[in-house]
Amino acid sequence: MAGAALSEPGRVDWRLAAPLGLTYLAFFAAPLIILLAMSFAADDFFTAFSFHAWIDFWGDSFYRGVVYDTVRLGLVAVIATSLMAYPIALLFVASGPRMRKLLIFIILLPLLISVVIRTFAWIAILAREGVVNQTLIALGLTSTPLNLLQTELGLVIALSQIEMPLMLLPLITVMQQIDPSLSDASRALGGSKWRTFFKVTLPLSIPGWIAGATLVFASATTAFISQSIIGGARLVYLPSLIWQQAMVVYNWPFAAVASVTLLVAVLAGVTLFSLLGRFARTD
Amino acid sequence: MAKRRSTPSDLSYSFVMGGLAALGIAILIGPVLIVLLTSFTSSQALQFPPPGFSLEWYRSLFDPVQSGHIHTALANSLWVAAVATAFACVIATAAALAMAQIRGARARALEASFMSPLILPGLSYGLATLMFFAILGFRPSLNHLIIGHLVVIAPFVFRTTLASLSQFNPALLESSASLGATRLYAFRRITLPFIAPGIAAGAFLAFVASMDNVPVSLFLSSARTNMLPIRMWGMMETTLDVRVAAISGALIVIVLVLMIIMDRLTGLTRRMSAG
């Protein structure tokens, strides 16, 4: 058994886990229970019990649309990051130590830079007088600048960068553990590169992809800064709705309903991805 | 292996995969470079490429009269991140030491619950803490922010410490005990030095996560306890203040330097690339 660290081997010292456990009970579990309770309150002061906020939220097609858009944004972000993360992970696995170090640096650097800065950078790139539009005009592909900010396309492009490290790190970890002789065998037996990728590398990398997809989905659906700055007032997702209801309108029960909905949506997504993983493994 | 003739299918594979990898790398690194260059612009507006270069925005950023609010927000963010990281190191390392002793379904369930703040939406948690502290009769203060950040960043230290403990050989402790060392002495002289790089890597990630935390700070900070990311968000929402580019430029350079230091100290990139 590895790692009997402070007490004798084989005996668990629960006192060591108590400070973190109690901190989580007092300041993580308790607030979440209060959030759930608040969603059933008649007003901010919880003078009476009521389903009012739930009925207001789910009875309105606008708010149902916001939930749908938020979940879809998370799924599109997972697809976009997967499309670019697999080739980068393949490149990483095929590289030598120096190139690997450089690639890890390129992957970690954006992750460690504030999400506000990353969003800000995309404004400079996607704006009407930004880099993309200037390039398109210089190449003669368009005469009038395209509106990329305040569109879902612009948001997905920005989220692809912001969330890609979360997909790449677990994917790379798992793909490094795949025995390279399996791909070599597939190639030697006449499998094309595409066939080898889809029949050997992809199925074996599923656990890493699941971990990455879970993180990207959870992160993209709750990316308040990127959603509010790039999406602007035109695109509304659950996080901006929560913020606006809690801090501008001061309708706490309604904000609590939206928060619980976001929480459930994220957990549902996470569960769905892990079920997909189990399905792929028994295949 | 014998050299094979490339089929059109294999060429399309190399073309598609190479193209997507290049696009992905450009998307990862391009914005960082562009914002760094933009921060040196001489223009009043955010544009790229900059019409000319100057240090005007950095001068304005470091000026205490023009940017006093930003300095206060930075000081608040640094204080909250430092205190929350220090607490996280102690309680998450202790929890990892306990977790390293158990196996099976119970261990997985406990691990998942200790990691859950990373997956549960931060914004839901941010609103929950606001309601929680409001019920307790809350006056906005940096202490509430520290508690909120502590919950969100503790998983980073927990995970990296647990990972380094999994490489630890308990036979070392048995031999030190047989030589008469007390448990505390053995922990200080054997376990702690062994897991220190794991704790340091976790502390680094936790500190960065706290400095960058939006969801908790959004709900718990006030005008007096403003935090840097919230301040920057405000500056971007109202006017596209080019000083945001200067703040970004300064922070990018700091992160780069910290990354290089952490890489030397803890082998951060090796840790990440070794899998």
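1. How many aromatic pairs does the structure hold over all chains? There are 30 aromatic pairs, where rings of Phe, Tyr and Trp (its six-membered ring) pair if their centres lie within 6.5 Å, and planes under 30 degrees apart count as stacked, over 60 as edge-to-face and the rest as tilted. One of these pairs is A:Y86 with A:F197, whose ring centres are 5.7 Å apart with planes at 85°, so the pair is edge-to-face. Because A:Y86 lies in helix α3 (residues 61–94) and A:F197 in helix α9 (residues 193–204), both of chain A, this pair ties together parts that are 111 residues apart in sequence. Both A:Y86 and A:F197 are buried, a word that means under 20% relative accessible area, with exposed over 50% and partly exposed in between (1.4 Å probe, protein chains only).

2. On the basis of the model: it is predicted, local features need pLDDT of at least 70, side-chain atom pairs count only at pLDDT 80 or more, and totals for chains, interfaces and linings use all residues. Residues are numbered from 1 along each chain as its sequence is written, chains are lettered from A and ligands numbered from 1 in the order in which they are written, and side-chain values use heavy atoms, with hydrogens and water left out.

3. A second pair involves A:W243 and B:W233, whose ring centres are 5.4 Å apart and whose planes stand at 85°, so this pair too is edge-to-face. As A:W243 lies in helix α12 (residues 238–247) of chain A and B:W233 in helix α10 (residues 228–238) of chain B, the pair joins two chains. B:W233 has 9% relative accessibility and therefore counts as buried.

4. Turning to chain B, the elements comprise twelve helices and zero strands, where helices (H or I, at least four residues) and strands (E, at least two) are DSSP runs numbered from the N terminus. The radius of gyration of chain B, taken over C-alpha atoms, is 24 Å, well over the 19 Å that the globule rule (2.2 Å times the number of residues to the power 0.38) gives for 275 residues, so chain B is more spread out than a compact globule. Along its principal axes, the C-alpha trace of chain B spans about 75 × 70 × 35 Å.

5. Of the 275 residues of chain B, 54% count as buried. Among contacts (heavy atoms within 4.5 Å) in chain B between residues at least 6 apart in sequence, 70% join residues at least 24 apart.
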